[in-house]
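Me: I would like to learn how to read the packing and strand pairing in a model. Please give the general idea first, then the case at hand.

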Amino acid sequence: MEEKTIEYITKLVMEAMSSKSKEDENGYAVPVGVSARHVHLTQEHVEQLFGKGYQLTKKKELMGGQFASNEQVTIVGTKLRAIENVRILGPVRRRSQVEVSQTDAVKLGVAAPVRESGKTKGSAPIAIVGPKGAIYLEEGCIVAKRHIHMNPADAQKADVKDGEIVSVRFTNERGTIFNNVQVRVDDSFTLEMHIDTDEANASQIRTGDIGILIK
């Protein structure tokens, strides 16, 4: 290879590396949390599943006043395919919902759409079985849309606003860029991007890994 050609290739490589470095510097670092399947319940449904007057008990504190409870249930799809030991997240909500990965949805035999948490209208039906009873949701099973939790100070530093759609790049061996990531801003939030187990496994990402927010 001629010397001029080598010099030209070297220059291109150096420019690409420099550009990538500047992009990382200008991006905003975001830690990731891998979210496993879980359930949110109303108080009425808690009592139907665990008994009259039952209250969820805390196992682990989460951001925004939420917590992982000690209580678990079984979720059952329309073809009577089940997944056991699905954790309930508290506190109770105004509407019950089940969040699963796409792999879970296939196993359950349900067509769960990708949705923002709480947007369950027209979503997949699902049954939930507890130690004292069972409930059937005509709609309520979703695959959670990937998103970033952040407080207003983080949003200002990252130059984003609530509801904005961004991308997040991970520079591990798989070199993954997640598009269509929704920003959620609230005073109670701690900075963290949430992806499900399918997304994490495919991109070799673990809880605590750092991504770079890009627009």
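Reply: A nonpolar core is a set of buried Ala, Val, Leu, Ile, Met, Phe, Trp, Tyr and Cys residues joined through side-chain atoms within 4.5 Å. Buried means under 20% relative accessible area, exposed over 50%, and partly exposed in between, with a 1.4 Å probe and protein chains only. This is a predicted model, in which local features need pLDDT of at least 70, side-chain atom pairs count only at pLDDT 80 or more, and totals for chains, interfaces and linings use all residues. Residues are numbered from 1 along each chain as its sequence is written, and side-chain values use heavy atoms, with hydrogens and water left out.

Me: Which residues have the most contacts inside the largest nonpolar core?

Reply: They are Val39, Ile75, Val100 and Ile128, in a core of 25 residues. Helices (H or I, at least four residues) and strands (E, at least two) are DSSP runs, numbered from the N terminus. Among the elements giving two or more residues to this core are α2 (43-50), β4 (67-76) and β9 (134-144); β9 gives the most, with four residues. Another core, of 20 residues, lies apart from it and includes Tyr28, Phe170, Val181 and Leu213.

Me: How many aromatic pairs does the structure hold?

Reply: Rings of Phe, Tyr and Trp (its six-membered ring) pair if their centres lie within 6.5 Å; planes under 30 degrees apart count as stacked, over 60 as edge-to-face and the rest as tilted. The structure holds two such pairs. The ring centres of Phe50 and Tyr54 are 5.1 Å apart and the planes meet at 20°, so this pair is stacked. Phe50 is buried at 10% relative accessibility, whereas Tyr54, at 28%, is partly exposed. The pair of Phe170 and Phe178 is edge-to-face, at 5.9 Å between centres and 80° between planes, and both residues are buried.

Me: In what order do the six strands close into a barrel?

Reply: Two strands pair if DSSP finds at least two bridges between them. Here the order is β1-β13-β10-β12-β11-β14, with mixed pairing. Strand β10 (residues 147-150) is joined by four bridges to β12 (residues 177-185), running parallel, and Met150 stands opposite Val185. Three bridges join β10 to β13 (residues 192-196), running antiparallel, and His149 stands opposite Glu192.

Me: Which way do the side chains of β10 point?

Reply: In a regular strand the side chains alternate between the two faces of the sheet. In β10, His147 and His149 point one way, Ile148 and Met150 the other, and all are buried.
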